[in-house]
Amino acid sequence: MSSTAVIAARVAVAFLIVFVSGYRLSRAGKPYGTALLTIHKLIALGVLVFVGFTVYGANTEAALGTVAWLAVGLAVVAFVATIATGGVLSALESSPATVKVLHAVLPFVTVVATATALLLLPLQG
Ligand code: HEM
């Protein structure tokens, strides 16, 4: 399995791309550029899948404790909420202000929750 530093670096670079593309989407406004929106949502989904595989791998090597599972659960909830609000913003013709605020704040909650969950995994190195 990859070391914690390698996993953290991959997730950090992916989140950076998601944040930069998110702010560019926000600044350019609707209609959103298809390429930028596709990059934004596919990389966001990719991070979730990558974190899922990382958690699965860690749990196979040594069963995760309650605290680690709790952190993983919180990260998944934050991810799903961020993806859902992003989906609403991209699907509707005019974006509800509340959803815009949520999709501005939830990405930070997702990053913190994901970093915490990864730190609590018993990874090598
Ligand atoms: C972990 C997942 C995601 C993260 C971390 C994330 C992050 C961000 C960030 C930081 C912004 C800029 C918000 C601002 O201006 O304050 C943004 C904007 C946006 N995101 Fe995401 N995003 C995620 C997933 C998604 C998904 C899955 C979609 C679409 C299906 C999406 C659609 C959008 C759209 C349309 C905007 C522009 C909103 C606007 O006009 O203000 N996002 N995202």
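Two residues count as in contact here if their C-beta atoms, placed from the backbone, lie within 7 Å. Keep that in mind for the first stop: select Val 72, which, neighbours within four places in sequence aside, is in contact with Val 55 and Ala 117.

A quick word on what you have open. This is a predicted model, in which local features need pLDDT of at least 70 and side-chain atom pairs count only at pLDDT 80 or more, while totals for chains, interfaces and linings use all residues. Residues are numbered from 1 along each chain as its sequence is written.

**Zoom out**

Color by secondary structure and you'll find 4 helices and 0 strands in the protein, in the order α-α-α-α along the sequence. Helices (H or I, at least four residues) and strands (E, at least two) are DSSP runs numbered from the N terminus. The C-alpha trace spans about 45 × 25 × 15 Å along its principal axes. Among contacts with a separation of 6 or more, 74% link residues 24 or more positions apart.

**Select H2, then H3**

H2 runs over 34-61. Its 28 residues reach 40 Å from first C-alpha to last, close to the 40 Å expected at 1.5 Å a residue; the expected span is 1.5 Å times one less than the number of residues. Now show His 40, Ala 44, Val 47, Val 51, Thr 54, Val 55 and Ala 58, which are buried. Buried means that 20 or more other C-beta atoms lie within 10 Å of a residue's own, exposed means 12 or fewer, and partly exposed is in between, with C-beta atoms placed from the backbone. Why might such positions line up? An α-helix has 3.6 residues a turn, so residues three or four places apart point the same way. The buried residues of H2 pack against H1, H3 and H4.

Move on to H3, residues 66-91. H3 has 26 residues and reaches 37 Å, close to the expected 38 Å. Its buried residues include Ala 68, Phe 79, Thr 85 and Leu 89, and their cover includes H2 and H4. Across the protein, buried residues make up 26% of the 125 residues.

**Select the core**

A nonpolar core is a set of buried Ala, Val, Leu, Ile, Met, Phe, Trp, Tyr and Cys residues joined through C-beta atoms within 7 Å. The largest one has 19 residues, and Val 55, Ala 71, Val 72, Ala 75, Ala 78, Ala 117 and Leu 121 touch the most other members. H1, H2, H3 and H4 each supply at least two residues of this core, with H3 giving the most, 6 residues.

**Select the ligand**

Show what is near it, meaning residues whose C-beta atom, placed from the backbone, lies within 6 Å. Of the 24 residues around the ligand, Gly 22, Ser 26, Ala 44, Gly 86 and Ala 104 come nearest. Which helix gives the largest share of this shell? H3 does, with 7 residues. By class, the shell has 11 nonpolar, 11 polar and 2 charged residues. Ala, Val, Leu, Ile, Met, Phe, Trp, Tyr, Cys and Pro count as nonpolar, Asp, Glu, Lys and Arg as charged, and the others, Gly among them, as polar.

**Two last stops**

Click on Pro 31, in the loop between H1 and H2. A cis peptide bond joins Lys 30 and Pro 31, with omega about -5°.

Then go to Phe 108 in helix H4.
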